[in-house]
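Welcome, and thanks for taking a look at this one with me. Below is a short tour of some helices, a surface patch and a set of charged side chains.

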Amino acid sequence: MIIKKISRNKLYLSTEEIMDISPFIKQKYGLKVNDDISSLYDNISYEAALEKGIFLISLKDRTKKELYKKLEEKYQNKNSIKKAIKKLEELGYINDLDYSISYIKNKKYGKNRITYNLIQKGIEKKIVELAYEELETEENIDDKRLETLIKKNEKKLTYKNSDLKKEEYLKQLKEEQKFIQFLARQGFSLDKIFEKIKEYKSHF
C-alpha cells in the first residue's frame with residue numbers, strides 16, 4: 001500500500017483510497033510520498049478516524065450510527081472506524097442514552113414521534129424507553145406538551161353552544177378535527193388527545 005500523493009492533509013493511496021489525516025499524524029509517522037504503509041495502515045486509519053470523530057462531535061452531538069456514517073465517508077477501514085467509535089464511547093464522547101434524554105427534553109413532539117425520530121437516527125428502541133425511564137416523568141412529559149398545545153389552540157375547539165348556527169358549529173367542528181389530526185402527527189396517541197381535550201373542555 002503505497003502513498004501516491006500527499007495534499008492538504010489527505011493521503012492518496014495506491015488502493016485508490018483518499019484518507020483524511022491531521023498534520024500530527026503525518027508528522028508522527030513521518031509520512032512521505034512513495035512510502036509503503038501496509039504495516040501502519042490500521043494504526044493510521046484508526047488514529048485518523050478517532051481525531052476526525054472528535055472533530056465531528058465538536059460540531060454537533062451525534063448518535064453512534066450518525067458518526068459511523070460520517071466516518072465511513074472518509075475512511076474505508078471499517079474495523080478502524082468501529083474501534084474509533086468504541087474508544088469515543090469509552091471516553092464519553094458518544095452516548096446514545098444521553099443523546100436520547102437531551103433530544104426528548106428539547107423537542108415538543110409526543111412520545112410516538114420522538115421514538116420514531118430517534119430510531120431513524122440509529123438508536124435502539126430499548127434505549128429510547130430507558131431514556132424516558134431516566135427522566136422519570138414519561139407520562140407527564142407527553143401530558144404537559146399536549147396540554148400546552150391544546151391551550152394555545154383553544155380557539156380551534158368546539159363547544160356546544162345553542163347560540164351558534166348549525167353552519168358555524170359544523171365549521172368549528174371541522175377545525176377541531178383538523179387540530180386533532182395535527183396533534184396525532186406530532187406523535188400523541190389519539191386516546192390521550194381525546195382525553196386531554198375533554199378534560200380541557202370540562203373547565204368551561
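Which residues of helix H5 (residues 96–106) are buried? They are Asp 96, Tyr 99, Ser 100, Ile 101, Tyr 103 and Ile 104. Please keep in mind that this is a predicted model. With that said, here is what else is worth a look, by topic.

- At the start of H5, the backbone nitrogen of Leu 97 has a side-chain oxygen of Asn 95 within 3.0 Å.
- Helix H7 spans residues 125–135, and its buried residues are Val 128, Ala 131, Tyr 132 and Leu 135. Around the axis they cover an arc of only 95 degrees, so they sit on the same side of H7.
- Lys 126 and Glu 133 are exposed, on the face of H7 that is turned away from its buried side.
- Helix H9 (residues 166–185) contains Glu 167, which is exposed at a relative accessible area of 71%.
- From Glu 167 to Phe 179 the separation is 12 residues in sequence and 19 Å in space, C-alpha to C-alpha.

**A nonpolar surface patch**

- Ile 54, Leu 91 and Tyr 93 make up a nonpolar patch on the surface, and together they have about 270 Å² of accessible area.
- Ile 54 belongs to helix H2 (residues 41–59) and counts as partly exposed because its relative accessibility is 32%, between the cut-offs of 20% and 50%.

- Side chains of opposite charge can pair when their charged atoms come close. The structure holds 15 salt bridges.
- One of them pairs Lys 192 with Asp 143, with 3.4 Å between the closest N and O atoms. Lys 192 is in helix H10 (residues 190–201) and Asp 143 in helix H8 (residues 138–152), so this pair ties together parts that are 49 residues apart in sequence. Both Lys 192 and Asp 143 are buried.
- Asp 143 also meets Lys 196 in a salt bridge, at 3.8 Å from N to O. Here the link is again from H8 to H10, across 53 residues.
- Glu 147 and Lys 196 form a salt bridge at 2.8 Å, N to O. Glu 147 lies in H8 and Lys 196 in H10, so the pair joins parts that are 49 residues apart in sequence.
- Is Lys 196 buried or exposed? Lys 196 counts as buried, at 7% relative accessibility, whereas Glu 147 is partly exposed at 32%.
- Through shared partners, salt bridges join Asp 143, Glu 147, Lys 192, Glu 195 and Lys 196 into one network.

Notes: Residues numbered from 1 in each chain as written. Predicted model: local features only at pLDDT ≥ 70, side-chain atom pairs only at ≥ 80, totals over all residues. Heavy atoms only, no water. Buried < 20%, exposed > 50% of the residue type's maximum accessible area, 1.4 Å probe, protein only. Helix = DSSP H or I, 4+ residues; strand = E, 2+ residues; numbered from the N terminus. Arc of directions from axis to C-beta. Patch = residues over 30% accessible without salt bridge, like charges linked within 9 Å, V, L, I, M, F, W, Y side chains within 5 Å. Areas by Shrake-Rupley, 256 points an atom, 1.4 Å probe, with all protein chains shown as cover. Salt bridge = Lys/Arg side-chain N within 4 Å of Asp/Glu carboxyl O. Polar contact = N/O pair within 3.5 Å; in protein donor to acceptor, adjacent residues only side chain to side chain.
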